[in-house]
Amino acid sequence: MADSKEKLFSDFPPVSTQEWMDKIQVDLKGADYEKKLVWKTNEGFKVKPFYRQEDLEGLKTTDGLPGQYPYLRGIKKDDNTWFIRQDIRVDDPAEANAKALDILNKGIDSLGFHVPAKALDADFIRTLLKDICCECIELNFTTCQRHTLQLAELLVAYFKEKGYDPEKIQGSVNFDPISKMLQKGKDLSGIVAKGAELVKVLAPFPKFRCIAVNSLKLNNAGAYIYQELGYALAWGNYYLNALVEAGIPVDLAARKIKFNFGISSNYFMEIAKFRAARMLWADIVKAYGPTEECACKMVAHAETSTFNLTLFDAHVNLLRTQTEAMSAAIAGVNSITVTPFDKVYETPNEFSERIARNQQLLLKEEAHLNRIVDAAGGSYYIENLTVAIAQQAWNLFLETEDAGGMLAAIQQGTVQDTVNASNKARHEAVSKRKEILLGTNQYPNFSERAEGKMPVSCCCGCGGHENEAAFASLNTDRAASEFEALRLQMEHSGKRPKAFMLTIGNLAMRQARAQFSCNFLACAGYEVIDNLGFATVEEGAEAALKAQADIVVICSSDDEYAQYAVPAYELLKDKVLFIVAGAPACMEELKAAGIENFIHVRCNVLETLKSYNEKLGIK
């Protein structure tokens, strides 16, 4: 058998990188290799179209093993099991307890409770955790930042009352003033000192963390991957330094910090991000001189992003969250929350929560991603991505530290300005279809209506609005928000314009441009009427008027527009909004004849559709 294998491989002589490049240049037919095939990421580095073993030369990422410092390949070495988490907003502790017991029988092994601060007392905790075996699952709690210490003390008292083994209690409480500062623009730096008290209270519970780095907030605000990671490192370093200066031993301080990352839809780069995060955090903790190397391990929770979720064609959200969860699982995170697909327009219901749970169960029970540690290890592409992202994130970390650290950067507005600029850039990319949101700015569902669905605004639930904002906050407008507002504007107006495709001339070109135009105009919710083709301009114009069209798009080839566009415009100009599909060479001549509207791949789709709404009287 071995001889057979050797013979098989000998039939395929090795191909050098230069031979590949020569073949690519032939296929490019003179086109520029860098412009055509090399991708420049938002992170500022270039990604080649192919990688080979020689691209690993000089990289140190493959030297270690899973479970070994610097933990790039993961802190787990026997398997890749992660906790499947579902969060519950607690309004009534008895109801929340019943829901928790129910979902624990449906595949969940990690619970996240959002607890109202005003209700906190011992009876509340007893009711909330009744009949839940706290040694068997992971427990996570969030409440008002000013009451997190009180929550921790109540939990410790409850665990002792029940006689639980402190070594078996896993989970966290979410103490993170910086997160609220970014979200609300209010200076909460005065309560950072409570972190040291919190660590002391929970010191007997080695697997229960209490200082959180919620870089998920940056992800949901549209931050690029290197920004989320770079700021997360500075964020964690600020807390670690504050704890050490307060007299907490570095080993204990590091073991009480938990990272809560977001996951974007950039599949391979997200895998690389988590690998880079563990390596860089290990290096940061190492610099503090811990007595044990294992104190350098990063515990990371991952939650699918809300930035790219959509109100229209909402079931496409399932595709987004599934690939996001898959990238986090492959990357070896410790726990994952999948955001229910309907979260952007309603409180998730039983169906959407069930689907969200099952998305992770599929990855475990059918894809078996829980069995292989660092499945991406050794990939020429992902190893190079890991190093590139790590370098960009580290540069941002150093830049932030040189400017005074994470807290100073937030107080000065640097972090918010940087992330909000990324949010704006990504909205611009979505408006021009450089960043695709399937079902929103590309290939929308032509017949879908909102039917009362409206975007749900974020609410922290802790109150405390007594002070004015001291500095800027993050803009968390989702990528689809402006397109959704456009469609909702149309629906609320009571009008639904008809867009008629006047297809004529060259068969291939008219069909291609009609399809492009239908997709373009349906992004605003317009009713689109496609056609097989017309023999004459007069025939097409007559059919458009008969259909009571509000918009007519002439679809033909560039060469034929000189023949067809002006006559069609003359027949329809006072009756409809007339559009030419494409950017023909004769555009200036058509403009001189009075034609104003052209749609093509270089258009800003959003701004163009806004202008059409205005022309059609939709407000």
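**A tour of some helices and one loop**

Start by selecting helix 10 and helix 12: they pack at an angle of about 25°, and their axes are 10 Å apart. That angle makes helix 10 roughly parallel to helix 12, since angles under 35 degrees count that way. Please bear in mind throughout that this is a predicted model.

Now show the side chains at this contact. From helix 10, pick I225, E228, L229, L233, G236, N237 and L240; they meet M269, E270, K273, A276, A277, L280, W281, I284 and V285 in helix 12. Sorted by class, the contact has eleven nonpolar, two polar and three charged residues. Turn the view and you can follow the right-handed crossing of helix 10 and helix 12.

Which residues in helix 12 meet helix 15? Select F268, M269, I271, A272, K273, R275, A276, M279, L280 and I284. Their partners in helix 15 are Y381, I382, E383, L385, T386, I389, A390, A393, W394 and F397. The residues of this contact divide into 16 nonpolar, one polar and three charged.

Next, move to helix 17 (residues 414–431). Its 18 residues reach 26 Å from the first C-alpha to the last, close to the 26 Å expected at 1.5 Å a residue. Colour its buried residues: V415, Q416, V419, N420, S422, N423, R426, H427, A429, V430 and S431. What do these buried residues pack against? Bring up helix 7 (177–184), helix 9 (216–220), helix 10 (225–245), helix 16 (406–411), helix 18 (481–493) and helix 23 (605–615). Just after helix 17, click on R433, which takes a positive phi of about 65°.

For the last stop, select D91, in the loop between strand 3 (83–89) and helix 4 (93–104). Is D91 buried or exposed? D91 counts as exposed because its relative accessibility is 68%, and the cut-off for exposed is over 50%.

Note on methods:
Residues are numbered from 1 along each chain as its sequence is written. This is a predicted model: local features need pLDDT of at least 70, side-chain atom pairs count only at pLDDT 80 or more; totals for chains, interfaces and linings use all residues. Side-chain values use heavy atoms; hydrogens and water are left out. Contact means heavy atoms within 4.5 Å. Helices (H or I, at least four residues) and strands (E, at least two) are DSSP runs, numbered from the N terminus. Ala, Val, Leu, Ile, Met, Phe, Trp, Tyr, Cys and Pro count as nonpolar, Asp, Glu, Lys and Arg as charged, and the others, Gly among them, as polar. The expected span of a helix is 1.5 Å times one less than its number of residues. Buried means under 20% relative accessible area, exposed over 50%, partly exposed in between (1.4 Å probe, protein chains only). Axes are lines fitted to C-alpha atoms, for helices over the stretch in contact, and angles run from 0 to 180 degrees between N-to-C directions. Angles under 35 degrees count as roughly parallel, over 145 as roughly antiparallel, 65 to 115 as roughly perpendicular and the rest as oblique. A crossing is left-handed if the near helix is turned anticlockwise from the far one by less than a right angle, and right-handed if clockwise.
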